[in-house]
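Please open the model in your viewer and keep the selection panel at hand.

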Amino acid sequence: MTTYLLHNATLIDGTGADPVSDAAVLVDGDRFVWAGAAGDAPESAAKAVRVDLGGNTICPGFFDCHVHFSLPGTKGSPLERAMRPESYLYFELIERLRVTLQNGVTTARDLMGIDPGVRQAVADGLVAGPRLLVAINMLSQTAGHADFHLPSGIDLTPYVGGSLVDTVEDARLRTRELIRRGADVIKVASSGGVSSPNDDPTWLGMRREMIAAIVEEGQNYGGKPVAAHAIGYAGIRAAVEAGVHSVEHGYELDDELRHQMVAQGTYLVPTLLETMTPVTATPQGAAKSAKWHEMAHDSLEASVAAGVKIAVGTDAGLSPDHGTNLKELGLLVRFGGLKPMQAIVAGTLTSAQLCGVADDLGSIEAGKLADLVVVRGNPLDDVDTLGDPANILLVTKDGRTVGNRGEFAIG
């Protein structure tokens, strides 16, 4: 692989440090060797291929910690998927993975619907996509968020990636089975949901004792973290008290639970992008959507103010389209009160910490894997520019170019 020096750029390194104007970044193979002010470049940079970035901005590769590559966003439905052979899904995945990567997300955590084979296919270069962490299935109880039995008798549960467990011992067994299959993270539903047909976000989903058992199994079998779909208060409380690693959504948090999350180091993944698209499939879904999405917008700022660690996730595939992921950053600023720099850190280093990969990813620092995004202009002036794919000029993953709208002369 070529050694190259990216220069004539502003550097936002993902750590929250002040941006560096007239910066340069030296990449050798799949790793960053050095980054900083161009005038301080090491002697070894003189032998590197020089790439002029035209005054644009270098950021670390971004994360989306809550995606569903098996779901189509606005381009279909689980029922349509059920009418096709399972093999058809893998061809749909090719475009979803590609557009996500080329639009700036170099690492994604899929929280229901794809298996480790997809993760390995990306890692081996068979298909282009973000490096993946996978949950495989979402665990919930009968009549919970993962239960897609319809009144007609049709069961769509397998087609959305659901898996039903109703006892503590079943929860322990299913967790170990998922770990045996290669899951990186265990996903549970501790509350009802907006899009699910049989429950409501106010309902308590998987009980605290079941979640605690899953957390224990995850810790004992390789230190696997647990992510909890938790929208309403009862479900959030059960998840936090059971010791989950992250709360996904978290719309009805109160100050007591926020303080407990801070004390425990629990992350919040707000998935605001999902809340920007109303659910319209049923009148019940539309009513739930209107209520809970507004609550999500009103709740986040208090969580930020309380010091809860915020990571970036979008629920892409559920309602947001794949490839629109970085719109989430502007929403964190709009509804959460984050500064643009804080939103970028949430989508890079904080998300890498959530995913347990911060030693190698999440910031542009010597020794880390060379994932970076070059964005047009300066996103600190308008963070919404990151959400427009036309502004994502260059993407590298492991030092290799995987997207180059800017047509830079880079290997």
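Predicted model: local features only at pLDDT ≥ 70, side-chain atom pairs only at ≥ 80, totals over all residues.

Residues are numbered from 1 along each chain as its sequence is written, and side-chain values use heavy atoms, with hydrogens and water left out.

**The sheet.** Select the seven strands of the open sheet, which follow the order E10-E9-E11-E12-E13-E14-E15 with parallel pairing (strands are DSSP runs E of at least two residues, and helices are runs H or I of at least four, numbered from the N terminus; two strands pair if DSSP finds at least two bridges between them). E10 (162-164) and E15 (309-310) are the edge strands; each has a single partner strand, so one side of each lacks a neighbour in the sheet. Next, select E14 (residues 267-269), which two bridges join to E15. Here Leu268 stands opposite Ile310 in E15.

From Ile310, move to Leu332, which touches Ile310 (contact means heavy atoms within 4.5 Å). Its other contacts include Pro270, Val312 and Ala346, residues up to four places away in sequence not being counted. Leu332 is among the five residues that touch the most other members of the largest nonpolar core, which has 66 residues; the others are Leu132, Ile186, Val188 and Leu386. Helix H7 (residues 233-242) gives the most to this core, with five residues. A nonpolar core is a set of buried Ala, Val, Leu, Ile, Met, Phe, Trp, Tyr and Cys residues joined through side-chain atoms within 4.5 Å; buried means under 20% relative accessible area, exposed over 50%, and partly exposed in between (1.4 Å probe, protein chains only).

**The surface.** Finally, select Leu79 in helix H1 (residues 78-82). Leu79 is partly exposed, at 43% relative accessible area.
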